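Subject: Structure handover

Hello,

Here is the structure we talked about. Please open it first, then read my notes below.

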Amino acid sequence: MSAQDTLQNISVQSSSRSLKKSLSVTANTTVMTSKELLKAACCNLAESFETNPSIDVNFSDALTGAKQIKMLGLTSPYLMITEENIPSVRGASQAYGLSFTPGTWVESIQITKGAGSVVNGFESISGQINTELLKPMNDIPFFLNVYGSTDSRFEINTHINRKLSDKWASSLFIHGNSRLSKNDMNDDGFLDNPLGSQINIMNRWQYSNAEKGWVSFINFRFMNDEKQTGQVDFNPDLDKFTTNHWGSEINTRRYDVATKIGYVFPDMPFQSIGFQNAFSRHEQDSYFGFNRYDIAQDSFYSNLILNSIIDNTMHKFATGLNFSYDRYDEFVQVPGIDRDFDRIDNSVGAFFEYTYDNTDNFSLIAGVRVDNHNRLGTFVTPRLHLRYNPWEKGVIRASAGRGKRAANIFAENQQLFASARNFAILNSTGNIYGLDPEIAWNYGISFNQRFDLFGKPADAGFDLYRTDFENQVVVDWFAGPTQVNFYNLDGKSVANSLQVDFNYEPVKHLNIRTAYKFYDIETDYAEGNFERPLQAKHRFFTNVEFATHIKQKGQRWKFDATWNWTGSQRLPDTSGNPAEYRLPGHSPAFSVVNAQITRTFSSVFEVYVGGENIANYKQDKPILGADDPFGPNFDASIVYAPIFGQMYYAGLRFKIK
């Protein structure tokens, strides 16, 4: 996705639809507007994809409440997650970083399948998720959102915006949430969700001078997040690092400063220069029973971009330089490993991306970048996106690209710390935890057709993608129920993904989205070729949205319901455990139903109520060895379904325009 494509994506928001695909954008991109985020209990970015068929959402473990997202069957480390095209959720923040962006701060989300743009870096493999935040120049003076749920989660969001002049505006975003009551709905003696609290504050400034062509943003952010989980009777003041009760605390602090400066040449509106800079400090102190994990990451990112044309606006290009620096202080104390993994990653890269658009039925984006990384070496990253409209309201897209990344094996697999597993890094001769970098090629094709069905608008299409790993860091769950091994791929690892969509508006204001997804994901492990664990081959999705006509004062009812059916998943091998601590080879299929009703009383005030997991499905034995958490069979990482039952919530939104 090029810089030019990004501008086109944002313009789609003018549509009344909350989820939209354009027929003219080159990359396979879906835009979620802020309206889409209001359709569910979207408290943070991790919870904003429940109504989107492109993203699969599941809990990463049975304790922390963290949600893991997947696209094309691959987990979030293989996605590039950016905030206003600056890399955000990466490194130390990989496990919990999506929960650090409140949903009310988001203006839109752009989801691109396949290899992303070379402008943003070399790490993207399965896709890119870019979040656009609310702009001070366009925001309202005041916004308030209050939320509460039956699982004792309470949240407040306040936005205060002020236009200081015709060129300057500033917004103050304040978010707080807490969970103070203990819940154990499956009666296993462990908390279903962690106790804790978060305070998240951002001050955002915007300068805009259209006459002279300048626009700039400055963001200052502070976040403090504290979680306590484990057995219901665990008291950290008395029981930490003892065998009285098993418990865990995860405390995270983040400091962020980001700037963006853009200049559009007044006499040449097709030519612009952008300069992005971001600094962050991420600190996490945590323990899981007797396992300890502490990580601090200092990051600096800089990106200089020139956009212009070659002869005419049918031929555009973007070129520039990236620089990134990451310093890690990481300490791991688990069975088999007790040491520091301090390191520095830095890279400098140059990119060139050419865009051709005949303004009718064909466009392409061809990009290449060259990077020099202190641990990955010097390498080339090519990427290509094509779009062709063979007839009216039909579009075919294709893409291919290469990605390379350094796997942060502990930060990305923190769910394994809540277990008695022994950890081992095998064949440790590489530069990254003794391992080699991950390298993969992604290929994809998609088709979408809009049409009328019984005189009403509809569309249908499919996506077909394949990811081939040249090298991969294998997380081996098949070495035994008390062992996890990390090693480089020796053989093949492929991820095939097929998604078929059908969307229909049978009557005005009633929208139905449906999707079927098939995943064929296999990896050569040391023990043989297996399906990737905790990944369903088949999934069905349906979302139904209905809204009444808007009355004179803005009064309106809105109804939303989402059904997710998840097929059987291969489970990690537990056959070596005693009988009472074993799981079957595959999980049962299950369904989850979420729904929400919103009553808009006016253009400035509305209330909403909703429920999640209304069918009350709960995984059987989400924590193995819950009766003996300090024993050899304890494992809270094998989670394939919800671990607690129904949850209901209510909230209100108030605006001053």
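Glu132 sits in strand β9 (residues 127-133). Is Glu132 buried or exposed? Its relative accessible area is 4%, so Glu132 is buried. Buried means under 20% relative accessible area, exposed means over 50%, and partly exposed is in between (1.4 Å probe, protein chains only).

Two notes on the model before you go on. This is a predicted model, where local features need pLDDT of at least 70 and side-chain atom pairs count only at pLDDT 80 or more, while totals for chains, interfaces and linings use all residues. Residues are numbered from 1 along each chain as its sequence is written, and side-chain values use heavy atoms, with hydrogens and water left out.

**Strands**

Strands (E, at least two residues) and helices (H or I, at least four) are DSSP runs, numbered from the N terminus. Two strands pair if DSSP finds at least two bridges between them. Strands of a sheet pair through backbone hydrogen bonds, either parallel or antiparallel.

Look at β18 (residues 312-334). It pairs with β17 (residues 291-310) in the antiparallel sense, over 19 bridges. In this pairing, Ala296 stands opposite Asp329 of β18. One residue lies between the two strands of this hairpin, and Asp311 in the turn has a positive phi of about 70 degrees.

β18 also runs antiparallel to β20 (residues 343-357), with 14 bridges joining them. There, Phe323 faces Val348 of β20 as its opposite residue. A further antiparallel pairing, over four bridges, links β18 and β19 (residues 337-340). Val332 has Arg339 in β19 as its bridge partner. β18 and β19 make a hairpin too, with two residues between them. Gly336 in that turn has a positive phi of about 100 degrees.

Now find the open sheet of three strands. Its order is β3-β4-β5, and the pairing is antiparallel. β3 (56-59) and β5 (74-75) are the edge strands, each pairing on one side only. β4 (residues 67-71) pairs with β5 over two bridges. Lys70 stands opposite Thr75 in β5.

**Nonpolar cores**

A nonpolar core is a set of buried Ala, Val, Leu, Ile, Met, Phe, Trp, Tyr and Cys residues joined through side-chain atoms within 4.5 Å. Which residues have the most contacts inside the largest core? They are Ile409, Phe410, Phe423, Ile425 and Phe486, in a core of 62 residues. Several strands each supply at least two residues of this core, including β17, β18 and β34 (590-602). β18 gives the most, with three residues.

Take Phe423 as an example. Leaving aside neighbours within four places in sequence, Phe423 is in contact (heavy atoms within 4.5 Å) with residues including Val334, Ile337, Phe410 and Phe486. Another core, of 20 residues, lies apart from the largest one. Among its residues are Phe49, Ile55, Val89 and Ile111.

**Aromatic rings**

Rings of Phe, Tyr and Trp (its six-membered ring) pair if their centres lie within 6.5 Å; planes under 30 degrees apart count as stacked, over 60 as edge-to-face and the rest as tilted. The whole structure holds 42 aromatic pairs. One of them is Trp105 with Phe173: the centres are 5.5 Å apart and the planes are at 50 degrees, so the pair is tilted. Trp105 is in the loop between β7 (86-87) and β8 (106-113), and Phe173 is in β12 (residues 168-179), so the pair ties together parts 68 residues apart in sequence. Both Trp105 and Phe173 are buried.

**Positive phi**

Two residues other than glycine stand out here. Ser152 has a positive phi of about 65 degrees and lies in the loop between β10 (142-149) and β11 (153-163). Ser152 is buried, at 8% relative accessible area. Asp187 has a positive phi near 55 degrees and lies in the loop between β12 and β13. Asp187 is exposed, at 67% relative accessibility.

Best wishes
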